[in-house]
Amino acid sequence: MNIETRKLTLEDYSDLKESMEQAYDTLGGQIWSKQTIAKLLKLFPEGQLCIAVDDKVVACSLAIIVDYDEYGDKHTYQLITGAYTFSTHDPTGDTLYGIEIFVSPEYRGLRLGRRLYEARKELCESLNLKSIIAGGRIPGYHAHADTLSPRQYIDKVKAKELYDPTLTFQISNDFHVRKVLKNYLPGDHESKEFATLIEWNNIYYQGVDASARSAKTIRIGLVQWQMRLFPDMDSFYEQVEFFVDAVSGYKSDFIMFPEFFNTPLLQPYNHLPEMEAMRKLAELTEEIVARMHQYAVSYNVNIISGSMPILENNKLYNATYLCHRSGKTEEYRKIHITPNEQKYYGMVGGDKIKVFDTDCGKIGILICYDVEFPELSRIYADQGMQILFVPFLTDTQNGYTRVRRCAQARAIENECYVAIAGCVGNLPKVNNMDIQFAQSAVFTPSDFAFPTNAVKAETTPNTEMMLVVDVDLHLLDELHHFGTVKILKDRRKDLYEVRLLK
């Protein structure tokens, strides 16, 4: 047996007619004429699909494109097809409207209908249409019409308490019911002339000004920063600019530096108590951020500036800055301060939690210890976060393991990518910054579209280097709607919730 899914041609009409007569037996044998098929093929050839088994057409899918707002949800089959003339077809419309789909009874059981639906979905995506909409028969309803309303019948089919040969199949192919249509298809006695208005949403739809699918591939650059002493600020900036330049050369959309990557600049203050030294370092933050801002614009890359201390109202915070390549700069302050930061530096936590809108989608930023608190990233996920950036600083492998394992969990439970970047090496002439351990990485959710270990890429441990990684945001959309599990959708919001208190 040779099965082929392809475009319908007028030469297929003889086979098509035979299959229609068999499929439409319960509808009085009404079939599409050859002239009608010819008109459809002239208006919209790529929308007319068929399946041939051993070169014989045994299944077919017919469709037109409409501007759906012109018809709305209360249309009839006659209205949406222009009284079967297909004058309603609009190549500039936004919706693929299914006007026919059938499989010859002799070939049912081969899942040919599923192939037609998948071909329709691919067509919808390739044409950048918002959705597929159709009026679906409910041929099993007549057996329950005396006891159930159409809505009750549909609910029982959705709950798998009843089986309907059409609606059950449509639901299993990711269509949802928008409403019940009355008098949709006169003569459909099995459905009592009711129909379901079904819809499949194209999650790749880009609007009128559609961009290529590749535009959703985002390139991330991570800097695994070697701790070293710098003789002056110019030397420090030279090293920073080296990485920005290198990552920009690979056309990266983001570059991230680690937490406290500028602490080598503490060396001149090593004679001071740690708390005072960190406050002196905070005096350099405004200048460093201004330089990062300059690099972001001149090298055309969004920069997550690692983290640096800032002093405000005599309080010391651990902050990172998102320097957009468009020229805007935004700030995030570490929420959860480690015992070490409290003890040695007197740091306090910030109180602002929000996602950042970038030219590459919505991102979240957490600093090191923050990623060990799942509530924060869940709030980000509810706000539409697609990539979570985590600059970190860990001295021991134990500390690094906590950050890594929690970051991986955040990627899985929030259906997002998580990028972590840390410092490596030793800093013998700076108090409380003696040793560092890091292995920077990009983590993914865990499903078929992603690596089996949910690690997109990672660096060599404890070696200065940069990591450049591509992530596909489309895969997150597919996971959210069609994943093996749907974590964000399946939460029991009737039992619990995670929300901001201020």
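**Reading the burial, cores and contacts**

Modeller: In this predicted model, Tyr 317 lies in strand E12, which covers residues 315-323.

Colleague: Why is Tyr 317 called buried?

Modeller: Its relative accessible area is 11%. Buried means under 20%, so Tyr 317 counts as buried.

Colleague: Which residues does Tyr 317 touch, not counting those up to four places away in sequence?

Modeller: Tyr 317 touches Met 308, Pro 309, Ile 310, Glu 312, Arg 333, Met 347, Val 348, Gly 349 and Gly 350. As for Pro 451, 134 residues apart from Tyr 317 along the chain, the two C-alpha atoms are separated by 37 Å.

Colleague: How do you know whether Thr 196 is buried or exposed?

Modeller: Thr 196, in strand E7 (residues 194-201), has a relative accessible area of 0%. This value is under 20%, so Thr 196 is buried. Not counting residues up to four places away in sequence, the residues that Thr 196 touches include Ala 134, Ile 154, Leu 167 and Val 177.

Colleague: What makes His 481 partly exposed?

Modeller: The relative accessible area of His 481 is 29%. Buried requires under 20% and exposed requires over 50%; 29% lies in between, so His 481 is partly exposed. This residue is placed in helix H13 (residues 473-482). Beyond residues up to four places away in sequence, His 481 touches Ile 203, Lys 486 and Lys 489. Ile 203 is 278 residues away along the chain, and its C-alpha atom is separated from that of His 481 by 8.5 Å.

Colleague: How many disulfides does a search of the whole structure find?

Modeller: The search finds zero.

Colleague: What keeps Cys 423 from a bond?

Modeller: Its closest cysteine sulfur, in Cys 368, is 10 Å away.

Colleague: Which residues have the most contacts inside the largest nonpolar core?

Modeller: They are Tyr 332, Ile 387, Phe 389 and Ile 420, in a core of 53 residues. Strand E17 (residues 417-426) contributes the largest share of this core, six residues. A second, separate core has 46 residues, including Val 223, Tyr 237, Tyr 321 and Cys 323.

Colleague: What is Tyr 332 in contact with, leaving aside its neighbours within four places in sequence?

Modeller: Among its contacts are Asn 318, Lys 352, Phe 356, Ile 365, Asp 370 and Tyr 380.

Colleague: How do helix H7 and helix H9 cross?

Modeller: The axes of H7 (residues 233-249) and H9 (residues 285-298) come within 11 Å and cross at roughly 30°. The crossing is right-handed. Residues of H7 including Phe 236, Tyr 237 and Val 240 meet residues of H9, among them Ile 288, Met 292 and Tyr 295.

Colleague: Into which domains is the protein chain divided?

Modeller: There is domain 1 (3-201) and domain 2 (217-482). Taken over C-alpha atoms, the centres of domain 1 and domain 2 are separated by 51 Å.

Methods. Residues are numbered from 1 along each chain as its sequence is written. This is a predicted model: local features need pLDDT of at least 70, side-chain atom pairs count only at pLDDT 80 or more; totals for chains, interfaces and linings use all residues. Side-chain values use heavy atoms; hydrogens and water are left out. A disulfide is a pair of cysteine sulfur atoms within 2.5 Å. A nonpolar core is a set of buried Ala, Val, Leu, Ile, Met, Phe, Trp, Tyr and Cys residues joined through side-chain atoms within 4.5 Å. Buried means under 20% relative accessible area, exposed over 50%, partly exposed in between (1.4 Å probe, protein chains only). Helices (H or I, at least four residues) and strands (E, at least two) are DSSP runs, numbered from the N terminus. Contact means heavy atoms within 4.5 Å. Domain bounds come from an automatic or database domain assignment. Axes are lines fitted to C-alpha atoms, for helices over the stretch in contact, and angles run from 0 to 180 degrees between N-to-C directions. A crossing is left-handed if the near helix is turned anticlockwise from the far one by less than a right angle, and right-handed if clockwise.
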